[in-house]
Every structure is written in C-alpha cells, then in structure tokens.
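Keep the structure open beside you as you read.

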Amino acid sequence: MTLSLYDTLSRSVKPITSLNGCTRMYCCGPTVYRDAHVGNLRTFMLSDLIRRTIEISGGKVELIQNITDVGHMSEDVADQDKMLSQAKVEKKDPFEIARMYEESFHKDLALLNIKIAELYPRASESIDLMISMINELIVEGFAYIGSDRCVYFDAQSFESYGQISGNRLDALKPGHRFEYSDEDGKHFHADWALWKNAGKRTQMVWDSPWGMGFPGWHIECSAMSMKFLNRHINVHVGGIDLRFPHHENERAQSNAFAGSETVDLWVHGEHLLFEGRKMSKSAGNVILISDVISRGLDPLAVRLNFLENRYRSQMDLTWASIESADLRLSKLRKKMQLWGDSLESQIDEEFLAAMEGDLDAPRALQRLRTIEKSADFSDADKRARFIYADKVLALDLNRTIDAKTISPIQQELLDAREIARKQKRWSESDTLRAQLEATGLEIKDGPTGQEWSWLSRK
Ligand code: AMP
Ligand code: ZN
C-alpha cells in the first residue's frame, strides 16, 4: 500500500507520487518575525506525519521548507512588511529579527520531534532566483512592468487560475482586499506584484533590472520550490489559509514558468483554535511551545493532541486537553516499561492502513488502544507494535524515566545550554533548562558545569 492524501485541487483522495523512489515535498515555511505558535506547528507537523508515514514502509522523502524573511505583508497595516514592522517594534535590524526567530523555529520543531528538512532556503538569499524567474515570466508574456515600475503577474494570462480555491477571476471583484493598496500600475484588479518598487523603503531592498525593490511573497515559494525540487513537486503542504491567494498565485507562476502542472498534490491542514477562538494577539490567546513547557508539560503532549484530531478538521486545543494528553503520555510510557525492554519492532498492518488512508491518526491511535487492552497479544508483542507505531507518532513512547542514555534532542539542548552559560546568556539558559525539564531531565549547575539526572515525574 502507499499513502493517499486529499488533494485540494482535484478535491479527491489520491495516492502520493514520487520520482526514482523519492517523494519530493515542499512545505510553506514560517515567516520569521515572531515565534511560531502552536497553530503554525500543527501545519509543520503535517509534513512530518507525511514524511514518517512514507518512511516507515521504506520510502524516501526530500523536504524543502522555505524561510520567509522578506516580502510577507501584514494583514493589519497596509503595505507594511511583517519583518520591518517587527524590527521597528523591537528596535533591531530586520535581519537580526529574522535569524533570531528562525533559530526558535528550529528549537520548536525539535521539541515536537519534527524531523529536519533537507533544506531551509531563505527568501532573502534567493533573490537572484526570483529575479531570473520574473524575467522569464515577462519574456513568456505572463508578466509585465507596470506604470509604477513594479512587475505584475497577468492573472488573465493563466487560463486555469482559481482551480485550487474555486475563486473565479470574473467573480473576484475590484476592491477585494489584495496585498498592497498602492498597486496603481497594474492592468487588472486581480493581477499581483512579483516585484515591488522600493519607493521610500530603504531596508531589505535589492537591485534588479526594474530598479531597487523587493520580491512579492508568492514568487518566493515558486522560485525556491522550482529550483530546489527541479521543477516538479510531488506533495505541497501548507495551512488552509494559504489556499488563496498564496497557493493560487504560486501555482500560476510555477506552471507558467515550467510549462506544465508542477504540483501533483496540494495538501492543506485545517486551522487550530485555542480555547474556542482563532489565535490572535488581540484575543491574548497565542500559545507557544515555551508556554507549554513553562507549565511543566511535555511538548509532546501537544503532538499527541494533534494526532487525536484529523488534519483536515479544525481542532480546538485547550490547556485541559494538553494536561490530559501529558498524563496519558506518562501512562503509556510506564506501560511500555512494564511490557519489557526489547527494542524490537513489529509491523502492525491496521495501524499502517489507518495512517496511509489520508493520515487517519485518530483511527491509528484507536488501534493502539485496542492492542493495549487485548488479551490476544503478549506483552512483548504489544511493546513491539507500539515501537513500530512510534516511528510515525514520534511520542517517545519508549522514553524511560530512569534510562542512562539521553536522546539526541536532549543532548542538543544540553550543548546549547552549556554554550549559553559560557556566554552568560542567562535568560536563554533558563529557557533551555525549562525545555530540558520538560523532557524529563533535572539540571543542576555545579562547580564543574551543568549536571543532569532523570527527574522522577508522575
Ligand atoms: P506563517 O508563519 O504566518 O507564514 O505561517 C506558517 C504556516 O502556519 C502556514 O502554513 C499557515 O497556513 C499556518 N497557520 C497559520 N495559522 C494557523 C493556525 N491557527 N492553525 C494551523 N496552521 C496555521
Ligand atoms: Zn509558500
């Protein structure tokens, strides 16, 4: 069997494709102007679940996830780049902001056991790629230079525009809020900027054949995915809000550039709510992984919560649900210890079928509950099937409270903390201590440096 996923474009569940046995995947990455919240992480975990489900049966995956560090405009302030707004707030250079939040993004992924992508290209370092793609689109008649010296994509030149989202060009009324309000130089209301003239902007601008400026957000993903995945993407992942206009525009650009359908499957994860509401600064309910850790909860409890819900359904996370998942995880790990200490893994076909059927993780977890309670499996067999399942679930089910060895992620956090202490970055060292404690370690700072032992919890 192979993994099948729901494709937003064809509105059907389709088997994934690959090239020479490798599924090439692109996931729209974080905009690094702030810490990723748990909602963003739910979407990033979706590509991890796809990867692990493919790999458990011996398949190969190559994942590219871009880092958006320029060109993503704020929804609240007209024509304001998210990076530049945040740089102003924090009184820092926008590139400093970008690197800082990029680093936190990697730490958050590690805390959720999300495997590292093959490459994380940065938009700001891919400007040449974008310029040459825009040039080609102009030459091929898909883009034009507007009277305001911005370059626009001609939406009407791309026949199947709107197929992902169901938005038809003739139904998109002028006045619909597009990304920039100052696009006076375009020919048609639904055209969008590939390259923006710098105007008065002085930071994060680059020279181009059309003068100083900066790229539009959508062209970033086209340029990076076309370059690093060689003009063909098997699986493209992002949150549901990206369906329109981001993915619609990305598809038009990439297909026009390559002259073919460039993406086999468009996969979208539904949104996460927190305590019943959309996460937003104004509602005060933006939850980060560091908030979970500060409450003494295991970040993998959040991973378990995500798995308990189908990725195509909106889900509501609450503190109560994280706390009960934290408890369930501890119980499961204790059960695993009771069942023995073998590291043998036993394939469970029902579990695999659930995951391969459009990632039905709730059904896969139900299967594990059946195994756990059943008298038909020996303890050793139960343990072996759980070890197998954990290759996909990645809940560290085999984590032992009194083990003598620590995981690579824990070692990474210990190393980072040692460096932070040497450089007297105390608040970072405290954050890392909290993260280590959440993974079950107790840290003491002695005269010879930090020492760790296993924390006895629950
Ligand atoms: P951003 O950092 O804003 O570029 O977003 C990164 C990813 O998170 C994108 O794929 C978004 O679609 C996704 N995303 C944003 N908000 C949520 C949410 N509440 N739940 C799930 N995914 C989200
Ligand atoms: Zn994208």
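His 236 stands opposite Trp 266 in E10. Strands count as paired here if DSSP finds at least two bridges between them, and the element names refer to DSSP runs numbered from the N terminus, with helices being H or I runs of at least four residues and strands being E runs of at least two. This is a predicted model, in which local features need pLDDT of at least 70 and side-chain atom pairs count only at pLDDT 80 or more, while totals for chains, interfaces and linings use all residues. Residues are numbered from 1 along each chain as its sequence is written, chains are lettered from A and ligands numbered from 1 in the order in which they are written, and side-chain values use heavy atoms, with hydrogens and water left out.

Now zoom out to the whole sheet. It is open, has 4 strands in the order E4-E3-E9-E10, and its pairing is parallel. Strand E4 (60–65) and strand E10 (263–269) stand at the edges with a single partner strand each, so one side of each has no neighbour in the sheet. On average, neighbouring strands are turned by 25 degrees against each other, direction ignored. For angles like this, axes are lines fitted to C-alpha atoms (for helices over the stretch in contact), and in general the angles run from 0 to 180 degrees between N-to-C directions. Helix H5 (residues 217–228) packs on the sheet, where it touches strand E3 (22–27), E4 and E9, and its direction makes about 165 degrees with that of E3. Contact, by the way, means heavy atoms within 4.5 Å.

What coordinates the zinc ion (ligand 2)? The donors are Cys 28 (SG), Cys 221 (SG) and His 246 (NE2), at 2.1 to 2.2 Å. Donors are N, O and S atoms within 2.8 Å of the metal (3.2 Å for Na, K and Ca), and because water is not among the atoms, sites may look incomplete. Along the chain, the zinc donors follow the spacing C-x192-C-x24-H. The two cysteines tie together distant parts of the chain: Cys 28 is in the loop between E3 and helix H1 (38–55), Cys 221 is in helix H5, and they are 193 residues apart. Cys 28 is buried at a relative accessible area of 6%, and Cys 221 is buried too, at 1%. Buried means under 20% relative accessible area, exposed means over 50%, and partly exposed is in between (1.4 Å probe, protein chains only).

Next, have a look at ligand 1. It is surrounded by 17 residues, and the closest are Thr 31, Gly 39, Thr 43, Asp 241 and Leu 272. A residue is near a molecule if one of its heavy atoms lies within 4 Å of it. A nitrogen atom of ligand 1 is 3.1 Å from a backbone N or O atom of Gly 39. An oxygen atom of the ligand lies 3.0 Å from a backbone N or O atom of Gly 239, and an N or O atom in the side chain of Asp 241 is 2.4 Å from an oxygen atom of ligand 1.

On to the helices. In helix H8 (residues 299–307), 9 of the 9 residues are buried, so the helix is largely enclosed by the rest of the structure. Among them are Arg 303 and Asn 305. Asp 298 caps the N-terminal end of H8, with a side-chain oxygen 2.8 Å from the backbone nitrogen of Leu 300. Helix H10 (residues 349–356) has Phe 351, Leu 352, Ala 354, Met 355 and Glu 356 buried. Those residues pack against strand E1 (4–7), H1, helix H11 (361–373) and helix H12 (379–393).

Finally, some backbone details. The peptide bond from Phe 244 to Pro 245 is cis, with omega near 0 degrees, and Pro 245 sits in helix H6 (residues 243–258). Arg 11, in the loop between E1 and strand E2 (12–15), has a positive phi near 55 degrees. Lys 424 has a positive phi of about 55 degrees as well, and this residue is exposed, with a relative accessible area of 60%.

Key: Polar contact = N/O pair within 3.5 Å; in protein donor to acceptor, adjacent residues only side chain to side chain.
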